[in-house]
Amino acid sequence: MLPPGSTIGILGGGQLGRMLAMAALQLGYRCIAYAPPGDNVAADVCADFFANRWDDARALAAFAAKCDVITWEFENVPLATVAALPPERLACPARALEVAQDRLAEKRFITELGGTPAPHARVASEEDLARALDAIGTPGILKTVREGYDGKGQWRIGSRLEGAALRLPGVHCVYEGFVTYETEFSVILVRAASGEVRFWDSPANHHEGGMLARSILPAGALVEEQVGAARALAEKVAAALGYVGVLCLEFFATRAGPVFNEMAPRVHNSGHWTIEGAATSQFENHIRAICGLPLGGTKTRFASIEMRNIIGEEALAAHQILAEPGEPHLHLYGKREARAGRKMGHVTRVGHGPA
Ligand code: AMP
């Protein structure tokens with residue numbers, strides 16, 4: 001168990017780091033974070049912030065020297081950055097990042113563990129795309145293999161004609177057949193270094209424009225039916241990676257069973273409801289896991305819960321939400337610029353009646 005007063009280093013400076021640091025402070029730890037210069041809202045709640053490039057070896061060494069344990073809140077931290085840190089201080093093996101940074105490697109890994117991803121093919125050229133469209137059909141989605149998030153680096157292809165007209169982005173891609181699903185859901189778990197695993201209830205997730213808009217609990221009968229198989233896969237993933245902390249796997253609930261979409265080796269937007277809605281939040285349990293503290297209960301505390309993201313300029317008037325009935329819980333991330341499509345905050349509403 002890491003003693004109170006120890007320092008947790010966080011790679012990444014966004015809202016996930018900010019909420020992790022807030023949970024860590026409550027447990028008597030201090031946090032410092034490291035990310036390239038930018039609107040790093042984690043800095044507001046960290047004792048120190050290193051605004052340096054990912055490849056700045058001197059800054060990384062200075063950061064690591066101050067940390068008792070190091071975690072990440074962003075899955076695209078370059079592997080070379082993580083490799084430059086003392087391995088004994090990393091809370092979780094870097095293999096989790098390696099797999100999650102590459103959509104093809106991730107799908108291969110999931111398939112080897114018995115999971116089912118969407119039908120897909122690697123696309124590095126126009127000929128590859130033509131072959132993929134022949135083999136998999138349309139509609140589908142072309143995604144960059146690396147660095148896409150919140151619907152960025154993705155192109156919907158409705159027909160062969162549309163596919164033929166598309167200008168490839170010049171980086172390796174994967175073409176995925178469009179999955180016909182009833183709903184989307186996520187499995188969020190926390191794993192301790194001892195191998196103990198706990199799951200939160202799975203929310204139904206609604207996306208708009210490729211980006212999470214809302215998470216709802218309870219998720220409905222179909223998710224209830226499929227969550228067992230999805231959890232079994234998630235637990236295998238966590239064990240295979242020697243994972244420590246919070247891990248999220250996203251699924252499509254289809255008539256044929258759960259289809260794996262993607263994984264995030266970190267706390268996840270679809271788990272924000274756990275702050276007020278569960279016995280222990282994903283943020284606190286992540287901190288507990290990486291510091292070797294006993295894990296907290298994950299039970300859902302309310303009959304129904306809705307978490308909704310606050311996007312772009314909507315944040316400017318977000319305080320008005322506090323006047324709405326039902327005691328909404330507002331979280332604003334303190335981002336300086338309310339750009340369109342940017343996650344600025346979220347609001348969680350809980351219902352006490354029967355679900
Ligand atoms: P991703 O960034 O890959 O998680 O994609 C973001 C969102 O786009 C997903 O949560 C889905 O709503 C949608 N999406 C992505 N891939 C597919 C697919 N193969 N079939 C259907 N919907 C998809």
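This is a predicted model: local features need pLDDT of at least 70, side-chain atom pairs count only at pLDDT 80 or more; totals for chains, interfaces and linings use all residues.
## Where the ligand sits

Let's start with the ligand's position. Domain 2 (119–177) and domain 3 (183–350) both give residues to the shell around the ligand, so the ligand lies between these two domains.

Four strands each supply at least two residues of that shell: strand S6 (140–144), strand S7 (154–157), strand S8 (173–177) and strand S14 (257–264). If you have the structure open, those strands are handy landmarks for finding the ligand.

## Who surrounds it

There are 16 residues around the ligand, and the ones that come nearest are Lys143, Gln154, Val179, Glu184 and Glu262.

## Polar contacts and cover

Now zoom in on single atoms. Lys143, one of the nearest residues, has a side-chain N or O atom 2.7 Å from an oxygen atom of the ligand. His207 also uses its side chain: a polar atom there lies 3.2 Å from a ligand oxygen atom. With Gly177, it's the backbone that takes part, as one of its N or O atoms is 3.1 Å from a nitrogen atom of the ligand.

How much of the ligand's accessible area does the protein cover? On its own the ligand has 470 Å² of accessible area, and the protein covers 97% of that.

## The sheet beside the ligand

## A parallel sheet

Another open sheet has four strands in the order S3-S2-S1-S4, and this time the pairing is parallel. Strand S3 (48–51) and strand S4 (69–72) are its edge strands, each with pairing on one side only. Neighbouring strands of this sheet are turned by 20° against each other on average, ignoring direction.

Which strand do four bridges join to S3? That's strand S2 (residues 30–35), and the two run parallel. To spot a facing pair, look for Tyr34, which stands opposite Phe50 in S3.

Technical notes: Residues are numbered from 1 along each chain as its sequence is written. Side-chain values use heavy atoms; hydrogens and water are left out. A residue is near a molecule or strand if one of its heavy atoms lies within 4 Å of it. A polar contact is a pair of N or O atoms within 3.5 Å; within protein, one must be able to donate a hydrogen and the other to accept it, and residues adjacent in sequence count only if both atoms are side-chain atoms. Accessible areas come from the Shrake-Rupley method with a 1.4 Å probe; for residues, only the protein chains shown count as cover. Domain bounds come from an automatic or database domain assignment. Two strands pair if DSSP finds at least two bridges between them. Axes are lines fitted to C-alpha atoms, for helices over the stretch in contact, and angles run from 0 to 180 degrees between N-to-C directions.
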